[in-house]
Amino acid sequence: MTVSDTIAAISTPPGEGAIALVRVSGGNAIEIADKIFRGKEPPSKFASHVQHLGEIFSVEDQLIDQVVLSVHRAPASYTSEDLVEMSCHGGTLVSAKVLEACLRAGARAARPGEFTERAFLNGKMDLTQAEAVIDLIRARTDLALRSATEQLEGKLGEQIRKILDELIELMAHINASIDFPEEGIEPDEDEALCVRLDSVRDEIAALLATADQGRVLREGVRVVIYGATNAGKSSLLNRLLGYDRVIVSDTHGTTRDTIEETINLEGVPIRLLDTAGLRASESELESEGIARTQKSLQLADLRLHIADRNAPKPAHFNSRNLSEFNGGTGDPNEIVLLNKSDLPEDNHWKDFPALRISCVTGDGLPQLKEEILARILRQNLRPESAIAINTRHRDCLRRALESCDRARTALGERLSGEYIAVDLDQALRAVGEVIGVVDVEQILDSVFSQFCIGK
């Protein structure tokens, strides 16, 4: 495959809708449109970015559909290549037929993310902007949407380029001292280099500090609801969602598997996981569900431990190993809930430090939401800034910071410039990987394979 190949794909989601969009990009895109489109004039004569009404015919000269077609001439297109967009009726079959006509006229089926990959390869955007496209599509909160939009506009890329420019200047200074040793470097210049390198390290560290917030923006905070059977876990999930997502029954062990749903809590995406009730069980199916509960707990950002206040307190509940609701000395990643506050409380729960709620009446749920947000803020998981890096960026920047640390140590010990130059070069390459200005072929597939076909 070369970038000059002409590709085609349906860019709208599968299923029925009012309109489906079929895209064709590449050197032969307009020629292919000429073969299958019939209107007042052929697409090759269209002005760029102007829509025309016409009909699409198969290579066998059979009418497929009436469409609106536009030509976007290179380089003023999404991919920086000649690009043709056809808006046909949104039926599953008709859009597939239009795509088939494009393929039989000379295009090939696009790989996932290939349109955006071409935009990157042709210099229309850097790698962080390309990644922002999928973040924009997947955004579930206003802040996540703003973060993706700003990244698409190049805000993160600008910060990375600033770091790159500073590293390049440092490299130039070090290389000059190596190539022209007779010039010498005064001690105060060494100190100035240290100050400049420290500034770069601080900038990288500041970006690295946004990694957890970036994960929250893209994936959500993982909140696991767990406890004994019939404590009200599924009822709590339904209450927080605002609708009946999970079957609720008085029968013990109704929930056998982990169920996940997402809510938006004041701009923070919360991934709620309802789990199988914890108890001794001889059922192989229920035991597997309990094992999955244990695994979910290990991966949780926050745990909601729920118990039935109308029943006697289980032996494993004691204030020494459970968190205090109001920020005591317990586990900050766990909130203890006593459900069924609409029923009498068993004497064993008297003065027990926990939040009382009722999944029947909704009593205590506003306080629960406030406490969830407070715990998230305490863990520095609540996103406050729209600039937030993803996992790939974190890996690159972590390597860059380690290289800068080594260079700083070498400068402090007044080692030979060659040692410093090697470390700075590694830092430069690692930072460059973030926006794709160095050899990044090995990471392109992992980035663009996340996209849908036609994007």
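Select Gly123 to begin: just after helix 3, this residue takes a positive phi of about 80°. Helices here are DSSP runs of H or I with at least four residues, strands are E runs of at least two, and both are numbered from the N terminus. The model is predicted, so to speak of local features a pLDDT of at least 70 is needed, side-chain atom pairs count only at pLDDT 80 or more, and totals for chains, interfaces and linings use all residues. Residues are numbered from 1 along each chain as its sequence is written, and side-chain values use heavy atoms, with hydrogens and water left out.

Now step back to helix 3 itself, residues 114-121. Seven of its eight residues are buried, so helix 3 is largely enclosed by the rest of the structure. Buried means under 20% relative accessible area, exposed means over 50%, and partly exposed is in between, using a 1.4 Å probe and protein chains only. Colour the buried ones: Glu114, Phe115, Thr116, Glu117, Arg118, Ala119 and Phe120.

Next, show helix 4 (residues 127-138) together with helix 5 (residues 142-152). Their axes lie 8 Å apart and the packing angle is about 155°. Axes are lines fitted to C-alpha atoms, for helices over the stretch in contact, and angles run from 0 to 180 degrees between N-to-C directions. Helix 4 and helix 5 are therefore roughly antiparallel; angles over 145 degrees count as such, under 35 as roughly parallel, 65 to 115 as roughly perpendicular and the rest as oblique. Their crossing is left-handed, the term for a near helix turned anticlockwise from the far one by less than a right angle, while clockwise makes it right-handed. To see the contact (heavy atoms within 4.5 Å), select Thr128, Gln129, Glu131, Ala132, Val133, Asp135 and Leu136 on helix 4, and Leu145, Ala148, Thr149, Gln151 and Leu152 on helix 5. By class, this contact has six nonpolar, four polar and two charged residues. Ala, Val, Leu, Ile, Met, Phe, Trp, Tyr, Cys and Pro count as nonpolar, Asp, Glu, Lys and Arg as charged, and the others, Gly among them, as polar.

Another helix pair comes next: helix 12 (residues 391-412) and helix 13 (residues 417-435). They pack at about 165°, with axes 8 Å apart, and are therefore roughly antiparallel to each other. The crossing of helix 12 and helix 13 is left-handed. Residues in this contact include Cys396, Ala400 and Ala407 of helix 12, and Leu424, Ala427 and Val431 of helix 13. The class count is 13 nonpolar, three polar and five charged residues.

How many aromatic pairs does the structure hold? There are two. Rings of Phe, Tyr and Trp (its six-membered ring) pair if their centres lie within 6.5 Å; planes under 30 degrees apart count as stacked, over 60 as edge-to-face and the rest as tilted. Select Phe37 and Phe46: the ring centres are 5.8 Å apart and the planes stand at 85°, so the pair is edge-to-face. Then pick Trp349 and Phe352, which form an edge-to-face pair with 5.3 Å centre to centre and 80° between the planes. Trp349 and Phe352 are both buried.

Move to Asp351, in the loop between strand 12 and strand 13. Asp351 has a positive phi of about 65° although it is not a glycine, and it is exposed at 70% relative accessible area. In the loop between strand 12 (334-339) and strand 13 you will also find Lys340, another non-glycine with positive phi, near 70°. Lys340 is partly exposed, with a relative accessible area of 24%.

From Lys340, go to Ser358. Leaving out residues up to four places away in sequence, Ser358 touches Asn339, Lys340, Ser341, Asp342 and Asp363. Ser358 is buried, at 0% relative accessibility.

Ile372 is buried, at 2% relative accessible area, and beyond residues up to four places away in sequence, it touches Leu265, Leu302, Leu304 and Ile335.

Finish at Ala74 and Pro75, where the joining peptide bond is cis, with omega about 0°. Pro75 lies in the loop between strand 5 (63-72) and strand 6 (83-90).
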